[in-house]
Amino acid sequence: MIYLKSPEEIEKMRLANAIVVKVMKTLKPMIRPGVTTLELDTVAQDLILREGGKPAFKGYRGYAHALCVSVNEEVVHGVPGKRKLQEGDIVSIDCGVLYEGFYGDHAWTFPVGKVSKQAEKILEVGEKALYLGIEQMRVGKRLFDISAAVQNFVESHGFSVVRDFVGHGIGRELHEEPQLPNFGVAGTGMKLKPGLVLALEPMVNEGAFEVETLNDGWTVVTKDRKLSVHFEHSVAITEEGPDILSQGKNG
Ligand code: MF3
Ligand code: CO
């Protein structure tokens, strides 16, 4: 079942996402060599609760944290812990918030200090792929126009898109229909309608697209242990075009 949101519901979703944006803005200056991934999680959790929200991932299928923190070859669902970030790492922070009945979901990958040229390039390609996908989120376009825009751009730079995890509809549930893959054929899939809210979250691998889950049952890594980045926005489709709900006022 696909739930289209009214303009009022979209405004509520903007409030949930605003808390996520606040978390990201607070964490960004903390992302330096020596900080542990659990320290980031603790700050996020405290801030979400102080803002009157609920960490959306905590309790989800038994997950114990507010954030997923995925370093280097970790793709998604990295579990916060004692690991200290090091100069040259790249780290993806994924955060979800439930606020007054609606979810916000947003992820970003950051460099830790100075990173390699290759790391800089994949960060740039991942971010640009997200925005090229969002650019397709227009009434009259089709769902896999979004997917194709992401895939074509990523592959044109010699990187790959993860197949095993996808984006999703979002609203009163963290994961709603439809699923939104980062690969697909342009001109196919459902027609995009006003009120559809989608979390687009390209996961871009430096090497091959295959991934595997570590023995902790959560951490997803690239099979070839090469780098991966993850960028996610929650976006409402309106008559006026895509409305990025998880974007701060200053971009
Ligand atoms: N952010 C992920 C998503 O967009 C969900 C994290 S899974 C969890 O689907 F278990 F950590 F919550
Ligand atoms: Co998501």
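Residues are counted from 1 along each chain as its sequence is written, while chains are lettered from A and ligands numbered from 1 in the order in which they are written. Because the model is predicted, local features need pLDDT of at least 70 and side-chain atom pairs count only at pLDDT 80 or more, whereas totals for chains, interfaces and linings use all residues; side-chain values use heavy atoms, with hydrogens and water left out.

The cobalt ion (ligand 2) is held by Asp105 (OD), His168 (NE2), Glu201 (OE) and Glu232 (OE), at 2.1 to 2.3 Å. Donors are N, O and S atoms within 2.8 Å of the metal (3.2 Å for Na, K and Ca), and sites may look incomplete because water is not among the atoms. Along the sequence, the donor residues follow the spacing D-x62-H-x32-E-x30-E. Asp105 in strand β5 (residues 102-111) and Glu232 in the loop between β13 (228-230) and β14 (233-238) are 127 residues apart, so this pair links distant parts of the chain. Strands are DSSP runs (E, at least two residues), numbered from the N terminus.

Next up is ligand 1. Its surroundings include Phe57, Tyr60, Trp218, Asp105, His168 and Glu232, where being near means having a heavy atom within 4 Å. An oxygen atom of ligand 1 lies 2.8 Å from a side-chain N or O atom of Asp105; for His168 such a distance is 3.1 Å, and for Glu232 it is 3.4 Å. These are polar contacts (N or O pairs within 3.5 Å). The protein covers 95% of the 330 Å² of accessible area that ligand 1 has on its own, by the Shrake-Rupley method with a 1.4 Å probe.

A cis peptide bond, with omega about 0°, joins Glu177 and Pro178, and Pro178 belongs to strand β8 (residues 176-180). Glu100 is not a glycine, yet has a positive phi of about 45°; Glu100 sits in the loop between β4 (90-99) and β5.

Notes:
A polar contact is a pair of N or O atoms within 3.5 Å; within protein, one must be able to donate a hydrogen and the other to accept it, and residues adjacent in sequence count only if both atoms are side-chain atoms. Helices (H or I, at least four residues) and strands (E, at least two) are DSSP runs, numbered from the N terminus.
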